[in-house]
Amino acid sequence: MALVPYEETAAVGLQKFHKPLATFFFANRTIQIRQDWRQLGVAAVVWDAAVVLSTYLEMGAVELRGCSAVELGAGTGLVSIVAALLGAHVTITDRKVALEFLKSNVQANLPLHIQPKAIVKELTWGQNLGSFSPGEFDLILGADIIYLEETFTDLLQTLAHLCDNHSVILLACRIRYERDNNFLAMLERQFTVSKVHYDPEKDVHVYKAQKRNQREGL
């Protein structure tokens, strides 16, 4: 959610983020993601969590064909692009300032016949939820979106709004700080949470969450 460009001194060792293009191969296609660290900061580069979540989707653990999915804090759009290529109908969301950049990556990487299945839409967590129907999606995706503690309450409210009892949430993240574990604890109060994948090379976990039913909460 933070769209503030990092200071140059904070980017030591992060030279890959300064490359204008990041290239990947998913769903039998070469995907070229445009990056713009200097203008949009963390929202405009591909983080390892997005790569790991895209890999997990490609592994086929979740049935994506005909699935209604939404990505939160989509950033460059890699995860949503992969989900759309694998057959999902995807709503790709981020804050307003990132949407044009996000849309350009989606249009550049999706074939014309798939583009109608991928909609870029504004979503600021906890705010414009009225433009989304409650429980609208089968699958909610998020890659490296739990790093700002001040957004946790709004993010949980957003997840609760978008989920139905059948919905599945997949969150990919690196556990860097105690606050990351704090978020998972907050998530477990409303959702059943399990770890379904771990990439030891990138040190990224994928968590699956589903709404607790009322009987579980008793």
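Which residue forms a salt bridge with Asp48, and how many Å apart are the closest N and O atoms? In this predicted model, the partner of Asp48 is Arg174, with the closest N and O atoms 3.1 Å apart.

**Figure 1. Overview of the predicted model.** The protein is shown as a predicted model, whose secondary structure comes to 7 helices and 9 strands. Of its 218 residues, 50% count as buried. Among the contacts with a separation of 6 or more, 68% are made by residues 24 or more positions apart.

Figure 2. Arg174 is placed in the loop between strand 7 and helix 6, whereas Asp48 belongs to helix 2 (residues 48–58), so the pair ties together parts that are 126 residues apart in sequence. With a relative accessibility of 23%, Arg174 counts as partly exposed.

**Figure 3. The salt bridge of Arg176 with Asp144.** The closest N and O atoms of Arg176 and Asp144 are 2.9 Å apart. Arg176 lies in the loop between strand 7 and helix 6 and Asp144 in the loop between strand 6 and helix 5, so this pair ties together parts that are 32 residues apart in sequence. Arg176, at 33% relative accessibility, counts as partly exposed, while Asp144, at 10%, counts as buried.

**Figure 4. The salt bridge of Glu100 with Lys103 in helix 4.** The side chains of Glu100 and Lys103 meet at an N to O distance of 3.9 Å. Because the two residues are 3 residues apart in helix 4 (residues 99–109), about one helical turn separates Glu100 from Lys103. Glu100 is exposed, with a relative accessible area of 59%, and Lys103 is partly exposed, with a relative accessible area of 30%.

**Figure 5. The packing of helix 5 with helix 6.** Two packed helices are described by the angle between their axes and the distance between the axes. Here the axes of helix 5 (residues 152–162) and helix 6 (residues 178–190) come within 11 Å and cross at roughly 35 degrees, and the crossing is right-handed. From helix 5, the residues Phe152, Thr153, Leu155, Leu156, Leu159 and Ala160 take part, and they meet Arg179, Phe183, Met186, Leu187 and Gln190 of helix 6. Sorted by class, this contact has 8 nonpolar, 2 polar and 1 charged residues.

**Figure 6. The buried side of helix 5.** Phe152, Leu155, Leu156, Thr158, Leu159 and Leu162 are the buried residues of helix 5. They lie on the same side of the helix, because the arc that they cover around the axis is only 160 degrees. The elements against which these buried residues pack are strand 3 (68–72), strand 6 (139–143), strand 7 (168–173), helix 6 and strand 8 (191–199).

**Figure 7. The surroundings of Gln115.** Gln115 is found in the loop between helix 4 and strand 5 (118–122), and is partly exposed, with a relative accessible area of 21%. When residues up to four places away in sequence are not counted, Gln115 touches Gln107 and Leu110. Ile81 is 34 residues from Gln115 in sequence, and the C-alpha to C-alpha distance between Gln115 and Ile81 is 9.5 Å.

How values were computed:
Residues numbered from 1 in each chain as written. Predicted model: local features only at pLDDT ≥ 70, side-chain atom pairs only at ≥ 80, totals over all residues. Heavy atoms only, no water. Axes fitted to C-alpha atoms, helices over the stretch in contact; angles between N-to-C directions. Helix = DSSP H or I, 4+ residues; strand = E, 2+ residues; numbered from the N terminus. Left-handed = near helix turned anticlockwise from the far one by under 90°. Contact = heavy atoms within 4.5 Å. Nonpolar A, V, L, I, M, F, W, Y, C, P; charged D, E, K, R; others polar. Buried < 20%, exposed > 50% of the residue type's maximum accessible area, 1.4 Å probe, protein only. Arc of directions from axis to C-beta. Salt bridge = Lys/Arg side-chain N within 4 Å of Asp/Glu carboxyl O.
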